[in-house]
Structure formats: C-alpha cells, structure tokens
Amino acid sequence: MAATVQIIGFYGPAPGVKTPLTVQRYNTAIPSQRDPGLSFPNNIPPSGETYRSCWMYTGAEITDGTYSQLTNWRWGTPGNIKDPAVWDLGSGKVQVALKDTGDHGCPVASYEAPTGVSGSYGYDIKDPVNGHTYYKGETTPCADADNYTTTSPLVFDTTVYTPASPLKVTKLVVHQLVLEDDSSFGEKAEIACFLRWQEI
Amino acid sequence: MPEIAPNCWKAALSFFWWREYRDGRQEQEFDLLTGQISPWGSKTPEGLAKVGWLPVTPGLAQKMKSCGEYGIPTQSLAVILPLAEGEEPVIYKETTVWEGSQVHCKACDAVFRSTGPATHCPICGAKTSWRCPKCGQLQDSEICPDCKVQGNPINPLESRPARWDETEYFLGVKGKFCNRFNTSRLITEH
C-alpha cells in the first residue's frame, strides 16, 4: 500500500510552479523563489514596524504507488522557532494562515503569487488590501507555527485521496516569517518542519 | 525510509495488514510467495472477525523489493485484534517526513539527528566553547572570565540538512480505543 509522496512548494506568478522541495528558505523575492540563497534576505524592521517574508506554500503530491487512501495531512515544527537558542525572533514568529471553517490549507487552484516589495518585505497574509484572497477575509488570525508540533500538528487537508482522485496534490500550508524590531539580526540555522499523513 | 528521488518518499514497511473474515477466509497486504501487493480497498469490507498487522520477515522483504516495495524485517510480534459483531476496525499507518539536520560531533564522532540547531552532543555533551586568544583556555562564555577578552568560537558540531521519516501503525476499534505502535513500542489510546 505504499504510496510515493513528494513534498512540494509552489512559486512564482499564479498559477504557480509546482516544485519538489529539498529546502525552503523564507525570503523577500517577489513573486517568490524557493531558495535564493542569501539574496533577498528578510530585514529587521525599523523601530515600531513589522516586516515579513513573502508567503511560502508547502504541500505534498502523491506521485505513484499502490494504495487505497491517503488522508489527514498535517504539518508542524519543533515548536521552538522563536527561542533565543534557535532563531531568536523576539516578538516575531513564523505565522501560518488559518481558515474560519474547513481545512486550513489553500487549494492549489487558489494559489496567489506573494505580494510585497522585492528585497525588502512581503505583505501580511491578512493584509486587507494586498493580503491573500483565500485568507484575508477570514476572522481567524494567522497562528504561531510554534503551536503546531508532533503532538498537535496543523491539519491542513482532510481530503481522502484515492487512486481515482483526479488531483493528487494536497492543499497547501501558507506560512511566512514575521520579524519585529526586537528580532535578532543574522543568518539563521536550518530548522526542521514535518509533514504527516495517514495511509491504508 | 527510502527517499527514492529528491524529497520523494515511499514508506518502508515493518508491518503489513492482515484480515480474517467470519467464514475463515484470510487476506493480507503482501503475497508471501511473490511479494505482490494488494490494496486494502476503498471501504473496509463487511464480515471481518480479526484484523491486524503482521511483521515483515527477511524473506518477504526480499520478495517485496522485487515488486518495487520496501520492507524492513522485524522480529516484533504480530498485533491482531478480534472484532465483535458490529465493531468497525481502525487500521492505517501514519508516516511523518522530517526535514531537519544530521549532526556530526567532532569530539566523539557521534552522528545524530536534530530538529533544530544542535546545542550540544547528546552522547558526549560537547558544545560550543570559546578559546581565549590570550591564555589559550577553553571557556563556556564568549568573554574569558580571567583575561576579559573575546574568545574565538570553537563548535564541535557539524550540521548538514537531512531528511528522514518515521512510520507508526494504528489498530483499534472505532469509538473505543486505538493501539499506536512501531517496532519498539506500543501505546494504547482511549
């Protein structure tokens, strides 16, 4: 029953380019790159302001294999991204978009290219004007990604995928780095995120 | 777990499903003679008397490989659950793919996985220290407490990106309980 699953991201102008992920770097390349290296860094904002990375999309694609069903797709982090010993974000965080009802992930058809000022900052997912259409009207605010760990992951897609499913790409977790004026400057170490699913 | 292409995952199985009907018929995920896989089906069939997970043997793992599946032989016992009339089984496996780091400790040569920046070696306890350029002593703080000068950092831990997976198997009765297990532990949840 083992399905073959590829971890993917979407980048660039809509409808987005589906890209297998090996590493994903928060950055300010508008409209979005998977990993521009140290170009397009995230900048510490002036006092009293908040800067953000561009939006990142993370999901999965069932590419092959023999299986009956895959479902209950979840995403999470080690839960300590903000900590001084990790990214030392002060009152900053990694935020993840939530819906008021239903799955929190963004359907591939609702992908939008990240907006912002290239090389400087991305707009907030919830920005009333430039935010993500699928999320900006929701009452529920974005959540702190540190809340989603192995014991309490974010359920982003409850669709049951079968061999007959026409689309075998899951919904996408939409997340971005949020930097406050007390976030620490400097290149950050790699952190681990995870993707989890049920299979039979 | 086999990463069969860049970040393309296929679970390697230590257990495979098995089921027995009330009329005595038995079905299982892998044909023990050929290693050929059979899907569970879009719905759980009616009339099941027992369900469970059987351990993959070395012989079956070889046959699975010839069919493009990956098996990790285990000496663990089978986990089988009898079902009363009307009970609906819960049976699935759960795969978690981590994107983290593999860390090499240059002090003791241990290699371990980390889900964040590694602060110390879990084997020998080595951690970043600072060598004072004046007295040459290793210190736990950036500023040498004796000479009051900035030390040079010495990090014994080398990290590089790594990805790995964990698979757990679930077996229970809907609305009653569920066993969650792998080759090293079994937890019952109500």
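Two strands are said to pair if DSSP finds at least two bridges between them, and strands themselves are DSSP runs of E with at least two residues, numbered from the N terminus, while helices are runs of H or I with at least four. The model described here is predicted, so local features need pLDDT of at least 70 and side-chain atom pairs count only at pLDDT 80 or more, whereas totals for chains, interfaces and linings use all residues. Residues are numbered from 1 along each chain as its sequence is written, and chains are lettered from A and ligands numbered from 1 in the order in which they are written.

In the hairpin, five residues lie between strand 7 and strand 8 of chain B, and B:Asp109 in the turn has a positive phi of about 70 degrees. Within this pairing, B:Ser101 of chain B stands opposite B:Ser114 in strand 8. Strand 7 of chain B also runs antiparallel to strand 12 (residues 157–173) of chain B, and 17 bridges join the two. There, B:Trp98 faces B:Trp164 as its opposite residue in strand 12 of chain B. Of the 17 residues of strand 7 of chain B, twelve are buried, and the strand is thus mostly covered; a residue is buried if 20 or more other C-beta atoms, placed from the backbone, lie within 10 Å of its own, exposed if 12 or fewer, and partly exposed in between.

Chain B also holds an open sheet of three strands, in the order 10-9-11, with antiparallel pairing. Strand 10 (138–139) and strand 11 (152–154) of chain B stand at its edges with a single partner strand each, so one side of each is left without a neighbour in the sheet. Strand 9 (residues 129–131) of chain B is joined to strand 11 of chain B by three bridges, and B:Arg131 stands opposite B:Asn152 in strand 11. By an automatic or database domain assignment, chain B is divided into domain 1 (3–97 + 164–189) and domain 2 (100–161). The C-alpha centres of these two domains of chain B lie 43 Å apart.

Turning to chain A, its secondary structure comes to twelve strands and zero helices. The radius of gyration of chain A, taken over C-alpha atoms, is 17 Å, close to the 16 Å that the globule rule gives for 200 residues, so chain A is as compact as a globular protein of that length. That rule is 2.2 Å times the number of residues to the power 0.38. Along the principal axes, the C-alpha atoms of chain A fill a box of roughly 55 × 35 × 35 Å. Of the 200 residues of chain A, 48% count as buried. Residues are in contact if their C-beta atoms, placed from the backbone, lie within 7 Å; of the contacts in chain A with a separation of 6 or more, 77% come from residues 24 or more positions apart.

How do the two chains meet? On this point, 32 residues of chain A are in contact with 32 residues of chain B. Strand 1 (3–11), strand 4 (56–65) and strand 12 (193–199) of chain A each supply at least two residues of the side of chain A that touches chain B, and strand 12 of chain A gives the most, with seven residues. Seven bridges join strand 12 of chain A to strand 7 (residues 89–105) of chain B, in the antiparallel sense, and A:Glu199 stands opposite B:Lys93. Strand 12 of chain A also pairs with strand 5 (residues 70–76) of chain A, antiparallel and over five bridges; here A:Phe194 is the bridge partner of A:Gly76. Six of the seven residues of strand 12 of chain A are buried.

A nonpolar core is a set of buried Ala, Val, Leu, Ile, Met, Phe, Trp, Tyr and Cys residues joined through C-beta atoms within 7 Å. The largest such core has 75 residues, and among the members that touch the most others are A:Tyr57, A:Val174 and B:Phe16. Strand 1 of chain A gives the most to this core, with six residues. A second, separate core of five residues includes B:Val103, B:Ala118, B:Cys121 and B:Leu157.

Note on methods:
Contact = placed C-beta atoms within 7 Å.
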